[in-house]
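Ready for a couple of exercises on one strand and its neighbours? Have the structure open while you work through them.

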Amino acid sequence: MAETEVLRVGSTARWLPGRFLVSELGLIFRRRRNVAGLGVLAVVPIILAIAVKTSGGGGGGPDFVSSIIGNGLFVAFAALTLELPLFLPLAVATIAGDAVAGEANLGTLRYLLTVPAGRTRLLVVKYAAIVIFAFAAVGLVALVGSVFGLALFGGGEMILFSGTTASFGDAVGRLLLTCAYLGCGLSALGALGLFVSTLTEQPIGATVAVVLVNLMMIICNAVEQLSWLHPWLLTHWWMAFGDLLRSPVVTADLQRGLWTFAAYAVVFWLLAWSRFTTKDVTS
Amino acid sequence: MSPEHSLSSDLPGSVVTAIPTADDRSAPVVTRGLTKRFRHQVVVDAVDLKVPTGAVYGFLGPNGSGKTTTIRMLLGLIRPTAGEVDLLGAPMAGSGRRIDVSVLERVGALVEGPAFHPYLSGRANLRRLEAADPHADARSSDLRVDAALDRVGLLAAARKRYRAYSLGMRQRLAIASALLVPRDLLVLDEPTNGLDPQGTREVRHLVSDLAADGTTVLVSSHLLSEVEQMCSHVGVMYEGRLVAQQPLADLQAGTGATIRLRTTPDGAEAGRTAFASLGLTEPTSAQTGDGATVTAGLGATDLARVVPALVAVDVPVLGFEVVTPSLEDAFVALTGEGFEISG
């Protein structure tokens, strides 16, 4: 088996799944359904910007929307706020629900496992791809919002919620921090989705379940009588990104939010791992 | 080859060779007491497989006999309820242990038909599996993908989307995926399913070529004639148990050849007596048209003695035939005629 030896030289087991992750991202970002989904996410800030421009602003609306006239960057913040309850979670839930259940549904899971890709390694790659997608989705909305907002309303200094004024560079920095914060929040939801995805062979079912859990958290968060529960809800902390638009930044809620995101991510990733590494793959 | 250990003495003709002993643990596939229970149903029951190095092992059994579940346990997809699996000398699965799949890098597999991403091309699908392999060398990736496609005759259709592939092309792609890197063991579940006669022939040749290169092949199939043509060993599953495991020639010999004599109606009785006195088993005669046919099992009798014995007692020999039993006969003898799936 001389040929075997030659091919195996220099191919010491590389556990770090760089190529695998690239392949996974290729699958996600080239899939027409996902591209269409990202397109929908990107359309919201455009619609918002045009609507505010043509109506001449005013008329109240969410905090951010009324500020758009003053600074185009607010289109990005407003679009993120509008998409946070449903659109962004739905996008992440689609990818996360598909992660394991989609492969099981196609039957490709058994071939990945006999490669052998390794079950833990597979979950690491799948979750890394979900996290990257979550950040990409948030980033896309912010980018499209910024570009259209700045084009239609101009940039310059930004008046913060605390009444102080921030330079344009400062404002862009705050937008980037917002994206990072929301990316973390959606990644936590993605871990929940990954876990649900290991429970079923129906990717759509997993996606629907994650969206329902997300809406349930939003509903619980709106019920005053459940205030004891609110700090434990993932969605409760998402809106804390507004604190990034104060000067100085109020960090208490943001910190608590990040800890909550981390806890959700770790707990659900470990649940997914314990489920997936002991599961009989019969698909 | 004496059956020291018979798991299923209640079945006629069941022959299972001895439990693998310590010194043959290095055989490419060894299982000890492999058992899988789903809820209350025992799907695989104390199976002791042993596939010798270099063998082409035909894994047979009716639908629902536990073949695929066994194969899934061999590949670490399903955890055994009890028993152990050693692949290529490495302990892979056993009760109470984590499954160690690292040995699978030396194993190519085709399990329960092809499965690929429909909207990717054949080549892109293979690249995906390549990328998932932590042992594969990135630099030779494209080369190996194309070599594997070429080997199964798919190079011309490499850029087509998988969803546009016919069943035969899909099957070929799955075989190509098993050949992406040189393997010491191939586990092929129904590799000729959906293939046209040319494709079936090619797969047969491919398996022979691989075996000639020293690869051990475990192939499950329903096509007994296929197995007869390509396998050196056979294992037969029936209702979750391994009821036979032997070199193919032994299994066929076990069923025994049949002697068929055509003679005149008057010679029938004398022929039958002659067969009986030679020690042939169960001689029977029947009138056929203007003649008669006498049949008997050859048993242990030397074939060369049969015709001289007939001539010595003046039995007219109008025709004489030795019928070697097909694998199908042996298979039916082991697993019964029934068509119903055993629950």
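Before you start: this is a predicted model, where local features need pLDDT of at least 70, side-chain atom pairs count only at pLDDT 80 or more, and totals for chains, interfaces and linings use all residues. Residues are numbered from 1 along each chain as its sequence is written, with chains lettered from A and ligands numbered from 1 in the order in which they are written.

**Exercise 1.** Work out which strands pair with strand 11 of chain B, and in which sense.

Step 1. Strands here are DSSP runs of E, at least two residues long, numbered from the N terminus, and two of them pair if DSSP finds at least two bridges between them.

Step 2. Strand 5 (residues 56-60) of chain B runs parallel to strand 11, with four bridges.

Step 3. Strand 12 (residues 241-247) of chain B pairs with strand 11 in the antiparallel sense over six bridges. Here B:Met237 has B:Leu242 as its bridge partner.

Step 4. Now check the turn: the hairpin of strands 11 and 12 of chain B has two residues between the strands, and B:Glu239 takes a positive phi near 50 degrees.

**Exercise 2.** Decide whether the faces of strand 11 of chain B are covered or open.

Step 1. Count a residue as buried if 20 or more other C-beta atoms (placed from the backbone) lie within 10 Å of its own.

Step 2. In a regular strand, side chains alternate between the two faces of the sheet.

Step 3. One side carries B:His233, B:Gly235 and B:Met237, the other B:Val234, B:Val236 and B:Tyr238, and all are buried, so both faces are covered.

How values were computed:
A residue is buried if 20 or more other C-beta atoms lie within 10 Å of its own, exposed if 12 or fewer, and partly exposed in between; C-beta atoms are placed from the backbone.
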